[in-house]
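Work through the exercises below with the model open. Each task is followed by a solution in steps.

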Amino acid sequence: MFAKRTLVKLRACLALAALFITTALPVHASEGARPQEAELSRGPYLQLATPESIVVVWRTEGDSIPKLRWGAAPDKLTNEIAAKDIVTKVSIDVLAPEFVPRLYSIPHAEDAKRLENHRSPASTAPNTFQFEARITGLNANSKYYYAVFNGDEKLAGGDKDHYFRTLPEIGKETPARIWVVGDSGTAGLQQRKVFEAMQQRVANDKRPLDMYIHVGDMAYTDGTDREFQVKFFDVYQPTLRNTVCWPAMGNHEGHTSRGESGIGPYYDAYVVPKRGEAGGLASGTEAFYSFDYGKVHFICLDSHDLDRKPSGAMAQWLKADLEKTKADWLIAFWHHPPYTKGSHDSDREGQLIEMREHIMPMLEAGGVDVVLTGHSHIYERSMLMDGAYVTPTVAEGVILDDGDGDPNGDGAYRKSAGLNPHEGTVQIVAGNGGTRLGRRGTMPVMKRIILEHGSVIIDVDGNTMKAVMVNLDGAERDLFHIVKEGKVTPKRVENPWQPEPYTPPARPNTQSD
Amino acid sequence: MEHEGRTAKLLTMRATEYRALGDLANAAKDLREATQKDAAYVPAMFELARVLISQREFDEAATVIKRGIGRVRNTPHEAAFYMLRSEISEARGDEKSAAADVMRAIGLNMGDIEAHLRLSRLFWKQNLAAERIEALHQAVRANPGGVLEIELTEALIDGGLFEDALKRIEPELADSRFQSSWLIRRARALQGLERDRAAAADLLAAIDEIETRLQPTREDVSLVVDWSIAHALLGNTDLARDGYHKAKSLRADNYDLARIESFLRNR
């Protein structure tokens, strides 16, 4: 017992010592100087794509002379971004001028306590250098290859897997394929199998992803920098190096990151639009944002730790953003589902109730088509619905189409062309990306309730949206279409179809993450 | 807790869940225990203050906040405690102290849009039009974003700078799918310039658009507030009052209700 305790303390001391040791390197060694030994420790991965620009992010352990080369082919990387034009952020231990941004850290004593409790340190690993290279002047909807360097030493890229595609012109009709995952960040077998099933599906279809949306809880348990590395970046790197991940913060990331300050490992990991760079209204914060992919408008909200009331900054921004968009499709995403009876209950929990009562009326008055969430560790997909804001949620009076949305079943859901208020929303709870599943009951507006790990692939092409849930074995477990054409007058279904009531197993399988 | 014991962190995590479930009494109980177990654990202090404010236990909340500020001096958490303290002052009707705390928070975190918005509204409550406009100009310069730009336009109208406001409104109107909120802003500016007929046309167009967007069984409260304001500005006092009561029943924020009241009064 004594030896074990001593060992824990020793480990804590060693980790703390590492935190205290400063690297005494300038940031970064001047160009032309001999580069330091530096190991790639994260990425490279893509962020903040626009029709004419993109950001490539990577990290090294130890300082380096960052350089990015890009071009039309892996062996034709004819363009270069030099160190002076690359944003560098460093861990707190690195000796650097005051103006150099610091990566997240907490007081040493708090990290020591975390180590004693067998938790990973919350602070960024010592001697970490993060580089963010923004490539501009690109053509819209065009594919480019890239590589990242330390001086002249290539760290990664320059091959067929390291590429990026800029976003299509805003307002130009362009097919979009979106991968949606939630509550995945365990680094466990299920997470990997869900990822592999998506990769297999995409390979079979010969249709690569255009973007990746993560609806939160990507780094259990506390969203620390280390957890981000092991449970997010290490797992998804084959996709992250060529596909932008647009994130929403989950409650677990919220253990270490805060929306109002924009500080924490979550905010270190991502570069998202604050100034309307990719379309949409400038939000002035990375906590909530919007962007356009052709004629699809995407809105990301922070359901975790910001004011969700209509008079709060987030809802005020949402209202103004919805007034502005001229897209034909509207997809919104965040973490806490407005409708669920999975491992969480939207009739009982504050954040979920507030997103339903305050945010959903604004979105539906703005013509939202699909809402993507997680948090509840289950797959739930609603019928076409509108106006379900009261608590508890009931199906009566809110279902516009109680069919399954399957063109080979009850038929696709139908809406008028373009964005129109209150013509119906499909809610998808995709909290089945990897962590332990759970169910507490039956949400009456749901058409599909599936307690299996998986993820969602959405294709938007012209006037049709197709969505499938692929489970971890690669089986297609749900499918629905939305077709938008002509003028459709929504009608409320009088006695809508109802899902079977839930009979809990002898020992409830629930988890309150 | 079975494995690790009732640590401050786990108690705080449970309390957060209690709060999410609306069980403030149990949340406060866990958080008091957490702060007793570890007096230096800041998240528990912050969460406890938040819960106590929701329970309107302002004296105890103020004590917790004071202790918290002592612990987090010169860190980003300090701003969050000032924001909490400003809520207490505002609830007690002391808008001056509330504004002072929000300004302290902004000084520590210029990027916090919610704080800038709060400050603007506190200035509005105190009729400090020039201070409000200046603060918003600074905020927009430091961190441009849609919400603060809109708030600045509102502040310019409230402050009587109608021409300046119109310059900002026209391009927004031209670039918006739904125009009602910008039409109402333009109508307010036009009324300030005594162009009442043009203002009335804008207000009627805004009402028409809003009515096509209102959900028949349960309306978006922000649209109801706009609808009520539009009627108040048109002089349709009864309809404006109906909208006010509807907005109140939909739990509109006090600030929004106060805005409707002010337009009813000024009319």
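**Exercise 1: Contacts across the interface**

Task: How many residue pairs are in polar contact across the interface of chain A and chain B, and which helices of chain A supply the side that touches chain B?

Solution. Step 1: in this predicted model, 24 residue pairs are in polar contact between chain A and chain B, both residues of each pair being at pLDDT 80 or more.
Step 2: on the side of chain A that touches chain B, at least two residues each come from helix H2 (108–116), helix H6 (313–324) and helix H7 (350–365) of chain A.
Step 3: the most is given by H6(A), with nine residues.
Step 4: by residue type, this side of chain A consists of 17 nonpolar, 15 polar and 19 charged residues.

**Exercise 2: Salt bridges**

Task: Count the salt bridges between chain A and chain B, and find the partner of A:Lys319.

Solution. Step 1: the count is six salt bridges.
Step 2: A:Lys319 pairs with B:Asp226, at 2.5 Å from N to O; the cut-off is 4 Å, so the pair qualifies.

**Exercise 3: Extent of the interface**

Task: State the residues in contact and the area buried between chain A and chain B.

Solution. Step 1: chain A contributes 51 residues in contact with 48 residues of chain B.
Step 2: the buried area is about 4100 Å², and carbon and sulfur atoms give 48% of this area.

**Exercise 4: Confidence**

Task: Where in chain B is confidence lowest, and what ipTM does the complex have?

Solution. Step 1: chain B has a mean pLDDT of 93, with 98% of its residues at 70 or more.
Step 2: confidence in chain B is lowest in helix H1 (residues 8–20), at a mean of 87, and highest in helix H11 (residues 180–192), at 98.
Step 3: for the complex, the predictor gives an ipTM of 0.93 and a pTM of 0.93.

Note on methods
Residues are numbered from 1 along each chain as its sequence is written. Chains are lettered from A and ligands numbered from 1 in the order in which they are written. This is a predicted model: local features need pLDDT of at least 70, side-chain atom pairs count only at pLDDT 80 or more; totals for chains, interfaces and linings use all residues. Side-chain values use heavy atoms; hydrogens and water are left out. Contact means heavy atoms within 4.5 Å. Buried area is the accessible area (1.4 Å probe) that two parts lose on being put together, summed over both. A salt bridge is a side-chain nitrogen of Lys or Arg within 4 Å of a carboxyl oxygen of Asp or Glu. A polar contact is a pair of N or O atoms within 3.5 Å; within protein, one must be able to donate a hydrogen and the other to accept it, and residues adjacent in sequence count only if both atoms are side-chain atoms. Helices (H or I, at least four residues) and strands (E, at least two) are DSSP runs, numbered from the N terminus. Ala, Val, Leu, Ile, Met, Phe, Trp, Tyr, Cys and Pro count as nonpolar, Asp, Glu, Lys and Arg as charged, and the others, Gly among them, as polar. pLDDT is the predictor's confidence in each residue, from 0 to 100.
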